Amino acid sequence: MKTTQLPRRKAKSEVPHPAPPPIFTQSAVSAPREPAADMGTLAERIRSLMDLAAGRQMSIPLGGRYFDAVITANGHAAYGVVRLMDDVQRGPGDPPDACGPVIEDPQCGWLIWLVPPGTSSHWARAPHRFAICLGVPHKLALPPLDNAEPPGPYWLRRCRSDRLVPAEPLRNYLSQFEPDPVPHETVLGSMLGTIS
């Protein structure tokens, strides 16, 4: 039996077509738009974070999405509160110094407790006798992350990504231990952004 081969189609030669030229409209070449309102300080914040990562001081606005700051006197009474806050915040596997971030400024005689944003508005309605809480529009100069002892401001309790100091237990312990003298709010507002 004889088999016949089916005829084959000739393949078309694949000739690449050039890409169409880009079309620029008037809007594509117009002046750049203003950044969105919530992105206005992004470059400033990125520069600040780069400073902190490089071991330099960083100045950051209080409030917003980051933190507010409670300022108390340092000394024996305040250190007792720090140790109690270690116990409050210690979870399974945490080190003994489990309290959220606390900066000590020995020159000014202050402890600066980083608390959740919004704490300042709550404390403004019910002022505390032994502490001041500041948020917007103040700024805070953070010491480099590796500053863990004097001279100068340093991290008495280190800055961690997973915690701040809870405001209510802090408020209660400050009422019990009464660290004094209480920093004056006017002085605080003018000095926090320039701590070095």
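Which backbone nitrogen does the side chain of Asp105 reach? In this predicted model, in which local features need pLDDT of at least 70, side-chain atom pairs count only at pLDDT 80 or more and totals for chains, interfaces and linings use all residues, the side chain of Asp105 reaches the backbone nitrogen of Gln107 at 3.2 Å. Residues are numbered from 1 along each chain as its sequence is written, and side-chain values use heavy atoms, with hydrogens and water left out.

**The chain as a whole**

- The chain holds five helices and seven strands, where helices (H or I, at least four residues) and strands (E, at least two) are DSSP runs numbered from the N terminus.
- Read from the N terminus on, the elements follow the order α-β-β-α-β-β-α-β-β-β-α-α.
- Of the 196 residues in the chain, 35% are buried, buried meaning under 20% relative accessible area, exposed over 50% and partly exposed in between, with a 1.4 Å probe and protein chains only.
- Among contacts (heavy atoms within 4.5 Å) between residues at least 6 apart in sequence, 82% join residues at least 24 apart.

- Strand E2 pairs with E4 in the antiparallel sense over six bridges, pairing being assigned if DSSP finds at least two bridges between two strands, and Val70 has Trp113 in E4 as its bridge partner.
- Strand E3 also pairs with E4 in the antiparallel sense, here over four bridges, and Val102 stands opposite Trp113 in E4.
- E3 and E4 form a hairpin with four residues between them, and in the turn Gly109 has a positive phi of about 75 degrees.

**Asp105 in strand E3**

- Asp105 is found in strand E3, which covers residues 102-105.
- Although Asp105 is buried, it has no salt bridge, and the nearest side chain of opposite charge, that of Arg157, is 16 Å away.
- A salt bridge here is a side-chain nitrogen of Lys or Arg within 4 Å of a carboxyl oxygen of Asp or Glu; for charge, Lys and Arg count as positive and Asp and Glu as negative, while His and the chain ends are not counted.

**Helix H2 and what covers it**

- Helix H2 (residues 76-89) has 14 residues and reaches 20 Å from its first C-alpha to its last, close to the 20 Å expected at 1.5 Å a residue, the expected span being 1.5 Å times one less than the number of residues.
- The buried residues of H2 are Ala78, Gly80, Val81, Val82, Met85, Asp86 and Gln89.
- Their cover includes strand E2 (68-73), strand E4 (110-115), strand E7 (154-157) and helix H4 (167-177).

**Backbone features in the loops**

- Most residues other than glycine have a negative phi, and most peptide bonds are trans.
- The peptide bond from Val136 to Pro137 is cis, with omega near 10 degrees, and Pro137 has its place in the loop between strand E5 (132-134) and strand E6 (139-142).
- Asp180 and Pro181 are also joined by a cis peptide bond, with omega about 5 degrees, and Pro181 lies in the loop between H4 and helix H5 (185-191).
- Glu178, which lies in the loop between H4 and H5, has a positive phi of about 50 degrees although it is not a glycine, and it is partly exposed, with a relative accessible area of 38%.

Definitions and conventions. Polar contact = N/O pair within 3.5 Å; in protein donor to acceptor, adjacent residues only side chain to side chain.
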